[in-house]
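Welcome to this short briefing on a structure with its sequence alongside. Please look at both first, and then read on.

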Amino acid sequence: MIKTDPLKRILYIDLTKKKFWVEERPDLFEKFLGGTGVAIALLQENCSSDTDPFSPENPIIFAVGPLNGLFPIASKTVAMFKSPHTGNLGESHAGGRSAIAIRMAGYGAIVIKGKSERPCYISIHGDKVFFRDATTLWGLEESAGRIIRTREPGAGLRTIMRIGPAGEKLVSFACVTLETYRHFGRLGLGTVFGSKNLKALLVSGKRDLSVTDFKEYKNLYSLLLRELSESEKMKKYHELGTPANVLPLSFSKGIPIKNLRTNELLGIENISGEVFAQKHLGRRVACCHCPVACIHLAALRKPYEDEPYFYRTVYLSYDYELIYALGSMLGITSSEDILKLIEVVEDMGLDAISTGVVLAWVTEAFEKGIISEKQTEGIIPEWGNLNAYVEIVRKIVYGESEFYKDIARGVDHASSKYGGKDFALTYGKNEMPGYHTGYGAHIGYLFGARHSHLDSAGYAIDKEAMTKHFTAEQIVEKILNEEQWRQILSSLVICFFGREIYTPEIVLKSLKLAGYELDESNLRKIAQDIYAEKYRFKIKSGFNFDSLNLPRRVFELPSSNGQINEDFARRCIEILKIKIRDLL
Amino acid sequence: MPVYVKDSEKCVGCLICIFACGRAHQAVGLESSCIKVRSQGGISRGFSVWVCRGCEDPPCARACPEDALLVRKNGGVLLNESKCTGCGYCIKACVLDAIGWNSLTNKPVICIQCGECAKNCPYKVMEFKRK
Ligand code: SF4
Ligand code: SF4
Ligand code: SF4
């Protein structure tokens with residue numbers, strides 16, 4: 001690490017005492033690089049095994065890495081906390097302008113502790129930190145961000161992270177929204193904000209950074225920029241974006257439909273990436289310092305019901321995961337309907353994936369008579385019925401009844417109470433991502449440190465497995481290798497969409513320019529250490545290998561790789577357990 | 001006019017141009033760049049790009065009380081750092097807001113008419129023409 005690099009500075013904020021201070025920790029950034037590596041180390045330091053996720057003691061940690069601000073597509077921030085949704089490791093990544101803003105403000109990490117007496121928001125302008133009253137903003141949906149944006153100065157670059165009503169009401173899967181269109185989506189960071197009476201966080205800053213060799217730096221930068229803009233490897237993100245996967249995955253039976261009850265959805269072609277682009281794509285947007293611009297905004301034109309010739313156009317970001325969770329999973333085959341559901345989920349500030357899976361579970365539970373109109377307060381959830389889903393989403397946030405409070409804690413909690421475990425699609429209490437592609441995906445969710453498809457991209461392993469035979473050992477090996485390598489990328493912090501460009505060789509070259517003299521074996525070791533550290537935290541917080549199982553439903557419906565065999569899955573699970581235990 | 005904004009509607013707000021401008025000023029980051037990209041009141045409304053158009057009779061130079069800004073032959077200005085006192089009058093004079101401010105040196109960041117911003121923009125929002 002370069003001596004003068006401000007990366008080593010950690011900003012601590014105490015919301016209870018309204019105090020802040022900076023600690024320099026070059027040791028952490030030397031050892032764990034930044035991002036996820038430093039965040040897990042800070043979580044270990046600041047969160048004990050018995051910390052209640054809803055208590056003031058639960059820290060919110062944001063961390064960036066040495067490549068943020070230096071190289072393109074190093075555009076992400078890592079958030080860590082104890083998850084109110086799972087009671088275990090909470091980790092979520094987001095871009096927008098956050099990573100560059102934190103780096104430009106002169107920090108490598110921000111740790112927020114305590115609880116404000118009244119609703120407040122924090123405003124960080126370089127070295128200055130302000131605690132601002134947010135009582136007036138409490139309860140507001142998307143307009144809170146707009147109000148903060150116009151009131152705050154912002155020399156240089158700035159990010160605004162905020163929560164919606166879901167976070168304030170402590171729905172366990174509330175998200176944090178950045179710059180209107182990006183999210184710390186999964187595992188309930190918004191809930192932790194809410195539990196601290198923290199409505200928003202603004203960070204702004206402007207500075208220059210150092211590199212070890214400016215000429216080399218410029219060369220590598222140009223090469224990377226060219227690769228990211230022109231390489232075939234990036235094409236999928238440039239054009240239709242991730243929704244390009246809807247059709248291929250529906251052909252291969254990999255996109256989950258109606259809570260994984262069927263492989264067939266009549267009219268799925270109406271919610272393809274192609275249709276979204278043709279009918280709705282209104283604008284493309286990028287995270288700061290990323291040339292790819294994968295963020296696709298749909299323009300949805302809505303008439304006013306009470307006033308003829310009045311329309312409003314709302315812009316909504318969509319991607320594959322949303323089309324899955326708020327579309328195919330619910331049997332919705334109209335792109336307009338999906339956008340309308342996205343709009344409510346955005347307004348409420350919920351994690352879209354968990355919300356979709358909760359709605360799907362509710363629909364099936366209702367069909368099976370496990371719950372009735374008594375619980376739903378007269379709403380009849382049924383596949384494809386947008387209006388019912390919109391109402392339920394609002395009730396998840398605003399509902400007063402026991403049932404709505406229960407489903408506001410997710411599928412795992414609801415199914416433990418009402419029954420319906422067999423079709424509760426959760427992994428480590430986190431709801432299922434959109435790939436029913438085979439062993440790679442499902443075992444990956446189960447063992448991934450954050451139970452996300454992004455941990456090890458199991459669907460990519462499954463894609464390979466469609467044409468090649470893999471043994472259980474090989475699948476496990478691939479999952480472990482991928483997840484460990486991703487610890488490096490998310491410590492730097494590079495967006496996973498750039499992973500094919502940032503090969504180990506490129507990573508080493510760019511790290512050298514940031515003052516890190518490492519070789520590939522050092523990198524692999526750091527990757528392993530970070531991974532093991534996460535697992536140590538998980539186990540300490542109650543993660544139990546012996547109770548790990550895939551949801552029953554997964555075995556009942558053929559995947560892209562055919563029927564999932566229970567014995568084979570068990571074998572993978574057994575091998576993984578041993579391998580991970582060996583690392584600890 | 002060396003760099004001109006062809007179509008800011010196409011701008012995705014990646015800020016690659018700002019970093020390119022920083023490198024053109026021999027720096028890594030945002031402090032030493034003069035081009036600006038701003039959202040038009042919310043990202044859904046898109047962005048606008050503010051960049052020096054290399055005036056032939058530059059008001060920034062006229063506003064400078066120290067004669068620190070020299071008018072270039074083909075338009076635009078050159079900064080004579082030793083004369084500049086950091087008063088900031090040039091910034092106020094430029095209606096395009098195309099001058100940056102380095103708060104460490106307390107001096108303006110002046111466009112050097114290099115075209116790096118246009119050349120780096122992945123979406124060809126700007127065009128660079130050498131006169
Ligand atoms: S032409 Fe060069 S100096 Fe001027 S704004 Fe563009 S990059 Fe910056
Ligand atoms: S900085 Fe502004 S006033 Fe000066 S030459 Fe450029 S555009 Fe003209
Ligand atoms: S590089 Fe181009 S697309 Fe990106 S912010 Fe600048 S003008 Fe906009």
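Ligand 2 has a shell made up of Cys52(B), Arg53(B), Cys55(B), Pro58(B), Pro59(B), Cys60(B), Cys94(B) and Ile99(B), where a residue belongs to the shell if one of its heavy atoms lies within 4 Å. This is a predicted model, in which local features need pLDDT of at least 70 and side-chain atom pairs count only at pLDDT 80 or more, while totals for chains, interfaces and linings use all residues. Residues are numbered from 1 along each chain as its sequence is written, chains are lettered from A and ligands numbered from 1 in the order in which they are written, and side-chain values use heavy atoms, with hydrogens and water left out.

**Around the ligands**

- The shell of ligand 2 has seven nonpolar residues, no polar ones and one charged one. Here Ala, Val, Leu, Ile, Met, Phe, Trp, Tyr, Cys and Pro count as nonpolar, Asp, Glu, Lys and Arg as charged, and the others, Gly among them, as polar.
- Ligand 1 is surrounded by residues including Cys21(B), Cys34(B), Cys111(B), Cys114(B) and Cys117(B). By class, the shell of ligand 1 holds nine nonpolar, two polar and one charged residues.
- Which residues come nearest to ligand 3? Out of 13 around ligand 3, they are Cys11(B), Cys14(B), Leu15(B), Cys17(B) and Cys121(B). Twelve residues of the ligand 3 shell are nonpolar, one is polar and none is charged.

**Where chain A meets chain B**

- On chain A, 36 residues are in contact (heavy atoms within 4.5 Å) with 29 residues of chain B.
- The two chains bury about 2,600 Å² between them, 58% of it on carbon and sulfur atoms. Buried area is the accessible area (1.4 Å probe) that two parts lose on being put together, summed over both.
- Lys206(A), Asp208(A) and Arg283(A) lose the most area on the chain A side, together 25% of what that side buries.
- Between the chains there are 13 residue pairs in polar contact, both at pLDDT 80 or more. A polar contact is a pair of N or O atoms within 3.5 Å; within protein, one must be able to donate a hydrogen and the other to accept it, and residues adjacent in sequence count only if both atoms are side-chain atoms.
- Helix α7(A) gives the most to the side of chain A that touches chain B, with six residues. Helices (H or I, at least four residues) and strands (E, at least two) are DSSP runs, numbered from the N terminus.
- That side of chain A has 22 nonpolar, five polar and nine charged residues.

**A covered helix and a buried leucine**

- How many of the nine residues of helix α1 (residues 16-24) of chain B are buried? The count is nine of nine, with buried meaning under 20% relative accessible area, exposed over 50% and partly exposed in between (1.4 Å probe, protein chains only).
- These buried residues pack against α3 and α7 of chain A, together with β2 (28-29), β3 (36-39), α4 (116-120) and β9 (126-128) of chain B.
- After α1(B) comes Gln26(B), which has a positive phi, near 60°.
- Leu228(A) is part of helix α7 of chain A. Leu228(A) counts as buried because its relative accessibility is 0%.
- Among the residues that Leu228(A) touches are Pro72(A), Ile73(A) and Ile501(A).

**Salt bridges**

- Over all chains the count comes to 43 salt bridges, each a side-chain nitrogen of Lys or Arg within 4 Å of a carboxyl oxygen of Asp or Glu.
- Two salt bridges cross the interface of chain A and chain B. Glu9(B) and Arg283(A) meet in a salt bridge at 3.0 Å, N to O.
- Lys302(A) pairs with Glu343(A), with the closest N and O atoms 2.6 Å apart. This pair links distant parts of the chain, 41 residues apart: Lys302(A) sits in strand β15 (residues 295-303) and Glu343(A) in helix α12 (residues 335-348) of chain A.
- Is Glu343(A) buried or exposed? Glu343(A) is buried, because its relative accessible area is 8%.
- Lys405(A) and Glu400(A) also form a salt bridge, at 3.8 Å between the closest N and O atoms. Lys405(A) is partly exposed at 44%, whereas Glu400(A) counts as exposed at 64% relative accessibility.
- Asp546(A), Arg570(A), Glu574(A), Lys577(A) and Arg581(A) are joined in a network of salt bridges.

Definitions and conventions. Lists of a residue's contacts leave out its neighbours within four places in sequence.
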